[in-house]
Amino acid sequence: MKNLETNYKFSAYDIIAKKRDGYKLSDAEIKWFIAGVTDKSVSDYQMSALLMAIYLKGFDKSETASLTDAMLFSGSTINFEGVDVIDKHSTGGVGDKASFILAPIAHAAGVKVPMMAGRGLGHTGGTIDKVESIKGFKTSLTLKEFKEAVDKNRMALIGQTGEIAPADKKIYALRDVTATVDSIPLITASIMSKKLAEGANGIVMDIKTGSGAFMKTRANARALGKSLRDTATRFDKKMLTMITDMNQPLGEAVGNSLEIIESIEVLKNRGPKDITDISVELAGAMIYLAEITKTYKAGVKKAKEVLKNGKALESFRDLIRLQGGDELVVDDYSRLPLAKNTKEILSTNAGYITSIACQEFGEHVVTLGGGRKKTEDLIDFGVGFIVHKCVGQKVKKGEKLVTVYFNDNQRKLVEEIEEEILKQNIKIKATKPKVLKPLIYDIDENPLC
Ligand code: URA
């Protein structure tokens, strides 16, 4: 990246042009721009233009640090006492409902869990959108209420408040609609500004890689891991990073209410194996970072124990009740909003599933209204998919591949989606794929960064 010393007065136009032309921005320029986004003296369209310039020309380590600090200190920060205050964050995937499973597991094992999560971004679903499908569940606590809830109940789940990293709230929404999501510096600053502000002392970072992730290659996932760890080190926080597979939806359910149901099924010990396994591993990492166990392996063992004996399910029920939600959904899924119509998509030939286009399933959910195309869009909690098969599985002709949940006025749309799924999204071949992708590629267990 070229370095250009300039002496001009700051203006949004000049800063955008400087980055557009590939020059390095100074700490003062970045902080001035982000302060302007927060106090609205810089407009959304100017921020959008800068986002695209950063996306195309990149940010180096020090620019990323300046952006993270500018976003972090755009709002308030809190601090929790104790080594046992641990959060987890995923870089985003399709069908990734692990937070609803691992947070109660970690909580039941003795971890204090202050979880601040996001809304859907691009083709990926958001934890906050999903949990809001539970009637009454309040995700907008003030920071004070959040801190009190975590201190009292040892767990809370909230969306980003106006107080926490307000610059990220704005920028996140703009990235979602300007095709500027999958950028390592932007993801680093976005995640770390929130995670550092919410005051956890350790963070387990699930970095997704594959066709349904923002990081399509493992090299990029590793680079993102390094960038996140560099930031954690700067702030003296413990961090454990995992690089995990996102080449097919996690679990079977994709869509807001459907994913809540599947999470509860996992907590009842009868959910799909992949989402169960990954949630247990991530919860085990949280238990280890909280210093409840001496090793990561022992953390995973503890996680399995509290899942099996039902304590994690009770933690989830408590969480729903404590945040004003309808806890009866745990035993009665009909209390969740689900679209009235279903359509089964059947296999048109026999063979083995060789690939499932993960990102496309996320995009289909957005098309049906389960995600946003524009920042002001409302979410339809009830639409989505159950993907009955996974890569490597044998399938007969006429066998059920996918069930679509949709609304009355979406029949034509569903026909188009069906055609796309059968022709392009699910590939079936006569021979079994030789190498199946592992669920976890890499774990960097060194929590001290
Ligand atoms: N999660 C976030 O909070 N921000 C991103 O940019 C990506 C995932």
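Colleague: How far does a polar side-chain atom of His-89 lie from a nitrogen atom of the ligand?

Modeller: The separation is 3.1 Å, and a polar contact here is a pair of N or O atoms within 3.5 Å. Please note that this is a predicted model, where local features need pLDDT of at least 70 and side-chain atom pairs count only at pLDDT 80 or more, while totals for chains, interfaces and linings use all residues. Residues are numbered from 1 along each chain as its sequence is written, and side-chain values use heavy atoms, with hydrogens and water left out.

Colleague: And which ligand atom is 2.7 Å from the side chain of Ser-190?

Modeller: A nitrogen atom of the ligand is at that distance from an N or O atom of the Ser-190 side chain. For Arg-175, a side-chain N or O atom is 2.8 Å from an oxygen atom of the ligand.

Colleague: How much of the ligand does the protein bury?

Modeller: The protein buries 97% of the 240 Å² that the ligand exposes when taken alone, with areas from the Shrake-Rupley method and a 1.4 Å probe.

Colleague: Which residues surround the ligand?

Modeller: They are His-89, Thr-91, Leu-121, Tyr-172, Arg-175, Ile-187, Ser-190, Ile-191 and Lys-194, where near means a heavy atom within 4 Å.

Colleague: Which helix gives the largest share of that shell?

Modeller: H9 does, with 4 residues. Helix H8 (166-177) and helix H9 (184-197) each supply at least two; helices are DSSP runs (H or I) of at least four residues, numbered from the N terminus.

Colleague: Turning to the whole chain, how is it divided?

Modeller: By an automatic or database assignment, the chain has domain 1 (12-58), domain 2 (86-333 + 440-444) and domain 3 (338-429).

Notes. Polar contact = N/O pair within 3.5 Å; in protein donor to acceptor, adjacent residues only side chain to side chain.
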